[in-house]
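The tour below goes from one selection to the next.

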Amino acid sequence: MAEFRISSDDSQVDLRRLATALAESQGWAREEVDIWDNRRGEVIVTINDALLRRPEADPLHRPRHTPHAVHDACELLRREDASLRGVDFPYLKAESARFFSAGWTLADLQHALAHRPDGVDWDRGPEYRGTRWFAHRLAAWKTPDGDIRPSQSQESAQLRVISKAGLPMDIGLPEDTEPSARPVASPAVARSAADDARRLIRQNTRTTTDTLAHQDRTSAHIKRPDSP
């Protein structure tokens, strides 16, 4: 547990607000730290050790949005996949960046280069190498218009949400597709799934004092349909 104290001789200084700003400047969400006053007029901030020693994100599953992160991912990709060693690196980087921008991870890209969308393994061997083979494999993971299809991890996440909500597994498919026998979610189950989604968003988004204040202002005016 780490702790720091803030005090000031100026009574006009909002010490709690200053402490919150200092915590947020370190990337800590407001609800992740404890801020309280003592009897001597000081504001004390305590930070859990787990917050100070956050584990490094798994390199295979973390987002890749910056040019530096994309470059490092492509270096790792080419180093571990012998079929990519004949691919021009700028081309490899440019194509991979499109998939990373669509939310793919390095693990997703490795899966796409090893498997077709239907799960069948791509052919391997000395003749299946180089730029054309690289482009051919990635093309299978694009729509006819050239858009990026959902990755393996994205599809898995979507199926978990659909299953959690009790929605039909054929949701979003063309109308001539055979309808599913599974029932549509009840309002209570759908609401529970939405609550879980909001909780995940909060866990992965840094909360600021402004958003907390907004939540306090609006929560008092929100009523459930079944509330009086």
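**Before selecting.** This is a predicted model, in which local features need pLDDT of at least 70 and side-chain atom pairs count only at pLDDT 80 or more, while totals for chains, interfaces and linings use all residues. Residues are numbered from 1 along each chain as its sequence is written, and side-chain values use heavy atoms, with hydrogens and water left out.

**Whole chain.** Colour by secondary structure: the chain has nine helices and three strands. These are DSSP runs, numbered from the N terminus (helices H or I, at least four residues; strands E, at least two). Along the sequence their order is β-α-β-β-α-α-α-α-α-α-α-α. Of the 228 residues, 28% are buried (under 20% relative accessible area with a 1.4 Å probe, protein chains only; exposed is over 50%, partly exposed in between). Contacts are heavy atoms within 4.5 Å. Among contacts in the chain with a separation of 6 or more, 54% join residues 24 or more positions apart.

**Helix 3 and helix 5.** Select residues 67-80 and 106-114, which are helix 3 and helix 5; they pack at an angle of about 35° with axes 11 Å apart. Here the axes are lines fitted to C-alpha atoms over the stretch in contact, and angles run from 0 to 180 degrees between N-to-C directions. Show side chains: Ala73, Leu76, Leu77 and Glu80 of helix 3 meet Leu106, Leu109, Gln110 and Leu113 of helix 5. Six of the residues in this contact are nonpolar, one is polar and one is charged (nonpolar: Ala, Val, Leu, Ile, Met, Phe, Trp, Tyr, Cys and Pro; charged: Asp, Glu, Lys and Arg; polar: the others, Gly among them).

**Aromatic rings.** How many aromatic pairs does a search of the whole structure find? There are five. Rings of Phe, Tyr and Trp (its six-membered ring) pair if their centres lie within 6.5 Å; planes under 30 degrees apart are stacked, over 60 edge-to-face and the rest tilted.

Select Tyr91 and Phe134, an edge-to-face pair with 6.0 Å between centres and 80° between planes. Tyr91 is in helix 4 (residues 89-101) and Phe134 in helix 6 (residues 131-139), so the pair ties together parts 43 residues apart in sequence. Tyr91 is partly exposed at 30% relative accessibility, whereas Phe134 is buried at 0%.

Next select Phe99 and Trp104: their ring centres are 4.8 Å apart and their planes at 70°, so this pair is edge-to-face. Both Phe99 and Trp104 are buried.
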